[in-house]
Amino acid sequence: MKWGSNTWVGGALVAVAISAAILAPWIALTDPVMDANLMNAELPPSWQFPFGTDAQGRDIYSRIVYGARISLTVGIVSQICNSLIGVTLGLTAGYWGGWWDDLVSGTTNLMLAIPSLVFALAIMAILGPGLVSLVIALGITSWSYSCRIARAQVLSLKSQGYIQAARILGYGDLRIMFTQVLPNILGPLIVIATLGMGGAILAEAALSFLGLGIRPPFPSWGSMLSEARDQIRAAPWLSVFPGLAIFFTVLGLNLLGDGLRDILDPQSTTRRA
Amino acid sequence: MAEPLLKLDDLAVHFTVGGALRGGTKILKAVDGVSLDVNPGECLGLVGESGCGKSTLALAIMGLIPPTHGGIALNGRAISGRDRMATARTVQMVFQDPYASLNPRQTVRRTLADPLRLHGVTDRSEVDQRVMDMMAKVGLRPDHADRYPHEFSGGQRQRIGIARALILQPKLVICDEPVSALDVSIRAQIINLLLDLKDEMGLSYIMISHDLGVVEHVSDRVAVMYLGRIVEQGGWQEIFEDPRHPYTRALIAAIPDPFHLVAASATAKARGEIASALNPPPGCHFNPRCPMKAERCVSEVPALEAVAAGHRAACHFRDRVG
Amino acid sequence: MSTPLLAVDDLHIALAGDKTTYGAVEHVSFEIGRGEAFGLVGESGCGKSITALAIMGLLRRPLSLGGGRIVLDGQEIQDSPAAEMRRLRGKRIAMIFQEPMTALNPLSPVGRQIAEMFVLHEGTSWNEAMDRAEEALRQVRVPSPERRIRDYPHQLSGGMRQRVMIAIALACGPELLIADEPTTALDVTVQAEIIDLMAELCAAKGTAILMISHDLGLVANMCRRVAVMYAGRIVESQVAGAIFATPRHPYTRGLVDSLPRLGERSRRGQQRLREISGVVPSIAAYPSGCRFNPRCPAVTDICRSTAPEITALPADGLVRCHHHG
């Protein structure tokens with residue numbers, strides 16, 4: 001199993017983001033919401049404020065560090081939700097076939113035809129802004145990929161002897177799906193999950209940017225970008241740092257996903273020479 | 001005479017193929033009226049080439065494919081799709097491809113222990129004991145228990161597959177081409193192993209193979225299938241030394257025989273290709289390829305009737321063949 | 001003594017692994033006379049297929065020619081440049097493979113694939129080539145060839161596709177046909193027909209055949225002489241009848257004894273077969289000395305330390321064993 005540089009770099013970036021989120025109370029310099037001093041509004045980066053301050057005089061660095069919590073929570077939780085839905089649907093559709101498969105495939109096609117962001121937008125419009133609605137909206141609109149992949153994998157595995165053997169040994173369908181099939185299709189699914197997390201973070205940024213996600217004064221990388229919209233020329237640090245945070249985190253997740261695919265893929269029965 | 005272990009009564013498995021968009025539905029008669037018995041302790045060899053339905057027949061016996069009509073009875077009781085657990089303890093299967101028939105993510109130990117636990121053996125030491133016993137029986141060492149399939153050779157994987165089939169102590173084991181995918185120099189090992197286990201554990205086998213040599217060595221009785229039907233059945237010696245169906249003779253004649261051990265003539269060889277099961281020839285399915293074909297063969301399906309005690313052939317000329 | 005059509009002399013083929021190079025094929029030498037049918041028998045991994053690829057000049061990384069000579073009709077070809085090998089392939093040496101579905105172009109009608117041979121190697125026009133393609137299909141006994149030339153490979157059965165492969169291979173009248181497990185994927189009754197067809201056509205055209213298979217019976221029936229390979233080396237070579245009647249190498253003997261052959265059960269009076277113990281070694285772990293020694297019933301110390309040399313046998317035979325005979 002070779003750990004390519006992808007995995008290391010990606011893993012490092014993700015680790016940094018996660019550490020920042022967990023250790024926020026200790027490594028932030030100020031309270032991200034309360035410590036607002038209009039006297040310090042829109043100051044460029046300095047020793048006191050490493051990333052500068054925003055329009056309310058809040059330390060951007062601290063807000064980014066706390067913002068990591070929001071972004072990563074949204075990214076991870078919503079993707080877990082998506083994976084659970086997608087894998088369950090795909091696994092059962094591929095294994096059972098028949099009308100259930102038709103139903104699931106039809107729904108998947110529908111979902112894929114609608115841009116997931118638009119869908120999430122619509123849901124947010126109904127549920128209103130906030131972290132919980134964000135997670136729900138993103139968590140139920142992007143399951144199509146995992147569903148597709150899971151289903152395709154199941155179809156190719158179904159005819160393998162050991163699946164038939166399990167049936168013959170008396171294993172029930174659900175047991176087979178979750179103990180025999182699932183472990184053997186995890187590879188691509190994990191990769192999709194890591195990539196999906198990156199996508200969710202970007203989606204959060206977009207939704208918050210549009211004013212539908214996290215509302216001020218709570219810091220999320222997307223809402224920080226939104227607030228900085230008018231000041232891109234005058235106070236670039238307001239948008240650059242949240243932008244970089246998003247960029248590096250998503251990059252890290254993508255690289256990690258790539259690396260995981262390489263590690264998990266050649267995991268098959270290699271024939272004797 | 002004891003009750004047969006397995007009794008197939010005019011079993012048929014039909015599939016509908018195609019649909020409105022593809023030129024209408026057609027019926028694929030994979031198994032077309034098969035009646036067979038397997039007695040306790042006996043090995044029935046099932047011979048046939050691709051498209052003859054032997055694999056479908058195996059799956060139907062296992063309860064994995066519902067029959068279209070006809071009956072399957074194990075130990076006198078009809079098999080129903082519902083009682084899968086009981087069927088699992090009675091009939092098991094050894095698969096052809098040792099590379100695809102083991103879960104690559106499970107150790108040998110888990111592959112053998114899980115079914116035991118599933119069927120109610122809860123005592124941990126009993127499970128371990130039975131796993132070790134079974135491994136020893138198939139010629140695996142104890143230290144093999146915690147290894148993964150990819151660490152084994154093809155022959156060893158097949159041994160694991162055999163162990164898995166026998167761990168629940170079934171009465172009947174269907175072996176589907178158990179040695180075709182193995183290196184030739186180790187086929188004898190696996191065949192001998194199957195023979196030994198049969199005696200040791202009092203098993204019955206259905207040995208499915210296209211390799212007549214394997215079938216001859218392992219079987220007590222043999223049935224020959226062609227396009228879903230049994231065309232000849234009888235004791236192994238009768239079938240191979242006095243075949244009464246032209247297809248059986250064609251199969252025997254097709255084997256290269258540099259030592260001339262078998263008295264088969266070139267005229268017995270079959271012509272042409274095997275027909276598709278979707279569109280079988282009318283009357284006797286074998287007629288387009290048969291060196292003895294006559295008018296009657298196209299119009300009338302020959303019945304599987306006796307030529308001698310225990311030896312039946314489905315050919316209008318069964319008394320003249322050979 | 002006429003020059004043999006093909007002479008392979010001390011052929012070595014190397015396989016580049018992660019850290020070391022393995023000797024996939026070593027010291028392989030044999031000759032095929034004009035119009036002769038020669039069989040090369042062995043199990044998977046023994047090197048028989050890559051020997052054929054070497055003759056065709058088709059070895060690619062990680063395989064490479066490690067030494068030895070390949071002489072076609074008196075001319076050495078092992079170092080021939082790619083362009084020259086391309087001219088040879090199809091015209092003088094042809095090859096057919098085990099799985100016709102992957103060897104035929106699925107997007108091209110079979111008639112066209114045969115016709116290509118004429119256009120490429122003999123410069124005929126497409127029209128004339130298609131006519132000759134139809135004739136070629138007739139020769140390989142495909143029914144209704146005038147319709148079949150327009151069929152695509154997937155529309156034909158396995159046996160038909162193999163016939164098409166034979167037609168393509170023999171189109172330009174090659175001097176040597178290499179057949180690598182041509183019937184393994186076919187049904188038994190179809191196998192017999194294909195083998196008969198190959199033998200007949202090659203006899204009629206004077207084409208020599210190198211028949212590669214794991215099926216000793218099939219090869220012994222079809223070929224005049226047979227060589228047996230094990231773990232990259234030829235261990236025995238004799239006239240076909242002798243290979244079965246008086247095998248001189250323990251491996252050959254073991255094979256002949258262990259194969260379940262029709263008629264043996266009655267003759268021997270018992271069901272059990274005589275096994276060869278052990279498994280075929282993988283290339284990364286070839287035993288030292290004689291490569292068959294861990295499985296050999298007649299093994300002695302010298303077998304484990306020293307690789308045996310070739311001993312000549314009567315009638316152009318040979319055996320590689322310390323205790324032959």
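Reader: How many residues of chain C are in contact with chain B, and how many of chain B with chain C?
Author: This is a predicted model. In it, 39 residues of chain C are in contact with 37 residues of chain B.

Reader: Which helices of chain C supply at least two residues of that side?
Author: They are α7 (158-170), α8 (188-205), α9 (216-222), α10 (240-245), α11 (250-258) and α12 (264-268) of chain C. Of these, α8(C) gives the most, with five residues.

Reader: And by class, how do the residues of the side of chain C that touches chain B divide?
Author: There are 16 nonpolar, 14 polar and nine charged residues on the side of chain C that touches chain B.

Reader: Back to α8(C). What span should its residues give, and how far apart are its end C-alpha atoms?
Author: At 1.5 Å a residue, the 18 residues of α8(C) should span 26 Å. The end C-alpha atoms are 26 Å apart, so the two values agree.

Reader: Which residues of α8(C) are buried?
Author: V188(C), T189(C), V190(C), Q191(C), A192(C), E193(C), I194(C), I195(C), M198(C) and C202(C).

Reader: What do they pack against?
Author: In chain B, the buried residues of α8(C) pack against α9 (246-254). In chain C, they pack against α7, β7, β8 (208-213) and α9.

Reader: What follows α8(C)?
Author: G206(C), with a positive phi near 75 degrees.

Reader: Which residue has a positive phi although it is not a glycine?
Author: E181(C) is one, with phi about 50 degrees. E181(C) is found in the loop between β7 (176-180) and α8 of chain C. A315(C) also has a positive phi without being a glycine, at about 60 degrees. The loop holding A315(C) lies between β11 (310-313) and β12 (317-320) of chain C.

Reader: Is A315(C) buried or exposed?
Author: A315(C) is exposed, because it has 9 other C-beta atoms within 10 Å. E181(C) counts as partly exposed, because it has 19 C-beta neighbours inside 10 Å, and a buried residue needs 20 or more.

Reader: Which peptide bond is cis?
Author: The one from R61(C) to P62(C), with omega near 5 degrees. P62(C) is in the loop between α1 (48-56) and β4 (63-72) of chain C.

Reader: On to the core. How many residues has the largest nonpolar core?
Author: The largest nonpolar core has 261 residues. Those with the most contacts inside it are I174(B), A167(C), I209(C) and M211(C). The largest share of this core comes from α9(A), with 16 residues.

Reader: What does M211(C) touch?
Author: Leaving out residues up to four places away in sequence, M211(C) touches A37(C), F38(C), G39(C), A179(C), V219(C), M222(C) and C223(C).

Reader: Now chain A. How many residues does it bring to the contact with chain B?
Author: Chain A brings 17 residues and chain B brings 25. On the chain A side, α8 (161-168) and α9 (173-209) each supply at least two residues. The most come from α8(A), with five residues. By class, this side of chain A has six nonpolar, eight polar and three charged residues.

Reader: At what angle do α1 and α3 of chain A cross?
Author: The axes of α1 (residues 5-22) and α3 (residues 60-96) of chain A cross at roughly 110 degrees and come within 7 Å. That angle makes α1(A) roughly perpendicular to α3(A).

Reader: Which residues meet there?
Author: A17(A), I18(A), A20(A) and A21(A) in α1(A) meet V65(A), A68(A), R69(A) and L72(A) in α3(A). The residues of this contact divide into seven nonpolar, no polar and one charged.

How values were computed
Residues numbered from 1 in each chain as written. Chains lettered and ligands numbered in written order. Predicted model: local features only at pLDDT ≥ 70, side-chain atom pairs only at ≥ 80, totals over all residues. Contact = placed C-beta atoms within 7 Å. Helix = DSSP H or I, 4+ residues; strand = E, 2+ residues; numbered from the N terminus. Nonpolar A, V, L, I, M, F, W, Y, C, P; charged D, E, K, R; others polar. Core = buried A, V, L, I, M, F, W, Y, C linked by C-beta atoms within 7 Å. Buried ≥ 20, exposed ≤ 12 C-beta atoms within 10 Å, placed from the backbone. Expected span 1.5 Å × (residues − 1). Axes fitted to C-alpha atoms, helices over the stretch in contact; angles between N-to-C directions. Parallel < 35°, antiparallel > 145°, perpendicular 65-115°, else oblique.
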